[in-house]
Each structure stands twice: as structure tokens, then as C-alpha cells.
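Below are some notes for a colleague who is opening this structure for the first time. Please read them with the model in view.

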Amino acid sequence: IISASPFYSITLGVIMLYIFWASVCFHSSLIHAASELDFSAVYSLSLFPLMYFTHRLWLLRIGVPSNQRHPKSTRILVAVFFCAYFLLTFFLPSKDHLRNYVVLGIIITIILFGLVVETRDRGKTNHYYLLACVASISFAVMCFGFDIHKVFCNPDSIIQPHSLWHLFSGIAAFYFYMYIRSEKNKI
């Protein structure tokens, strides 16, 4: 898909810059508005792979090669996922850890969609990158859970579960980008 259009590469770059900016705003101020901004960045990062896999599944379903331009499907997906991002960011209540479960549901859906894509379109990508991404995000989610429940959160320690959440989420984003860059045409 990214050989047909640089949309996914540019979008992921913008998302990563947004995550950096939102996270710095929150962690340097610790105010509620910045916390909401930080979580909106989490939504953007979690929705991105879901959009990619939805796009791949859609192209497989309609029989269109992913290395050809497909502006109509790209515009539709961008509109749908922007609406989902907007609804999650501005209308999903931030209480009772509901947002955490929504993001976990998105991550599980991404993994399932990735399995379907890799099963139906075998050999088109380097699936080891996807496995490294899944392992990294799984470890990140575990660290996030530790952070929420204050497990291994020692105020005198340099390494905190929340910092590991950021580190492994970033590693997962890197491997996901390597995965989408590895997509090639089957001969």
C-alpha cells in the first residue's frame, strides 16, 4: 500500500510527532487537559494499524492489488477512522478505565486483522516484523497494567512501568512501520 501512496508513511510520522508533543505536554504539566491530549495520542497510534489492516482486508475482499493507487478507498478509510478518532477523543468518558479497555479492544482487533491478512495474503510481507510488533505492544500493555495498579512503581527507581509502556509502544510502532514497508508484490 505504501508503494502506491506515501499516505501511510507520512501519517505515521505525523502521529509519532503528535504523540511526542502530547506526551511532553502531559508529563511536564500533569494537568487534566494535557492528560486528555495524551490519551488522544494513544487513540491515534492504536487506530493507525487498524486502518492499515482494514485497508488491506478491504483490498483483498474487492480483489484490488495493494500496489496500485486506490484513492477512493483511502479517502473513505481516512474519513471513517477520523470520525472514530474524533468520537473516542471527545465523546468517550474518561472514567472507570473505559478508555483503557477500548484501546485494549482495538489492539486485540488489530492482532486478529493482522492474522487474517497474513493468512489470506501469505508471503507478501515480512511477518517477523509483525511478530516483533505484537510482542512489543503486548509487553507495553502489561507495563501499562502494572502502572495502573501501581505494581513495581517505586518512586526511588529510575525505571518505572509507565516509562516502559512508552518505550515498548515506540518499539512496536517502529516494527509496525518496518512491517508495512516490507510489503511487496508477489511474483
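1. A polar atom of the serine 136 side chain lies 3.3 Å from the backbone nitrogen of alanine 172. A polar contact here is a pair of N or O atoms within 3.5 Å; within protein, one must be able to donate a hydrogen and the other to accept it, and residues adjacent in sequence count only if both atoms are side-chain atoms. Serine 136 belongs to helix H5. It counts as buried because its relative accessibility is 6%; buried means under 20% relative accessible area, exposed over 50%, and partly exposed in between, with a 1.4 Å probe and protein chains only. Neighbours within four places in sequence aside, serine 136 is in contact with Phe168, Ile171 and Ala172, where contact means heavy atoms within 4.5 Å.

2. On the basis of these notes: the model is predicted, local features need pLDDT of at least 70, side-chain atom pairs count only at pLDDT 80 or more, and totals for chains, interfaces and linings use all residues. Residues are numbered from 1 along each chain as its sequence is written, and side-chain values use heavy atoms, with hydrogens and water left out.

3. Helices are DSSP runs of H or I with at least four residues, strands are runs of E with at least two, and both are numbered from the N terminus. Serine 46 has 6% relative accessibility and therefore counts as buried. Its side chain reaches the backbone oxygen of tyrosine 43 at 3.1 Å. Not counting residues up to four places away in sequence, serine 46 touches Val103, Ile106 and Ile110.

4. Which residues of the largest nonpolar core touch the most other members? Of its 41 residues, they are Tyr8, Phe48, Tyr52, Phe53, Phe176, Tyr179 and Ile180. Helices H1 (7-29), H2, H3 (71-91), H4 (98-120), H5 (127-148) and H6 (161-181) each supply at least two residues of this core. The largest share, 13 residues, comes from H2. A nonpolar core is a set of buried Ala, Val, Leu, Ile, Met, Phe, Trp, Tyr and Cys residues joined through side-chain atoms within 4.5 Å. Isoleucine 180 is in contact with Ile2, Tyr8, Phe48 and Tyr52, leaving aside its neighbours within four places in sequence.

5. Helix H3 holds tyrosine 85 and phenylalanine 91. Tyrosine 85 counts as buried at 18% relative accessibility, whereas phenylalanine 91 counts as exposed at 56%. Apart from neighbours within four places in sequence, tyrosine 85 is in contact with Tyr18, Ser40, Tyr43, Ser44 and Leu47. Tyrosine 85 and serine 29 are 56 residues apart in sequence, and their C-alpha atoms are 24 Å apart in space.

6. A search of the whole structure finds four salt bridges, a salt bridge being a side-chain nitrogen of Lys or Arg within 4 Å of a carboxyl oxygen of Asp or Glu. One of them joins the side chains of arginine 99 and glutamate 36, at 3.1 Å from N to O. Arginine 99 lies in helix H4 and glutamate 36 in helix H2, so this pair ties together parts that are 63 residues apart in sequence. Arginine 99 is buried, with a relative accessible area of 11%, while glutamate 36 counts as partly exposed at 22%.

7. Lysine 124 forms a salt bridge with aspartate 121, with the closest N and O atoms 3.8 Å apart. Glutamate 183 and lysine 124 also meet through their side chains in a salt bridge, at 3.8 Å from N to O. This second pair links distant parts of the chain: glutamate 183 is in the segment after H6 and lysine 124 in the loop between H4 and H5, 59 residues apart. Salt bridges that share partners join Arg56, Asp121, Lys124 and Glu183 into one network. Is lysine 124 buried or exposed? Lysine 124 is buried, with a relative accessible area of 8%; glutamate 183 is buried too, with 13%.

8. Two residues in the loop between H5 and H6 deserve a look: lysine 150 and phenylalanine 152. Lysine 150 has a positive phi of about 60 degrees although it is not a glycine, and phenylalanine 152, also not a glycine, has a positive phi of about 65 degrees. Lysine 150 is exposed, with a relative accessible area of 57%. Phenylalanine 152 counts as exposed at 62% relative accessibility.
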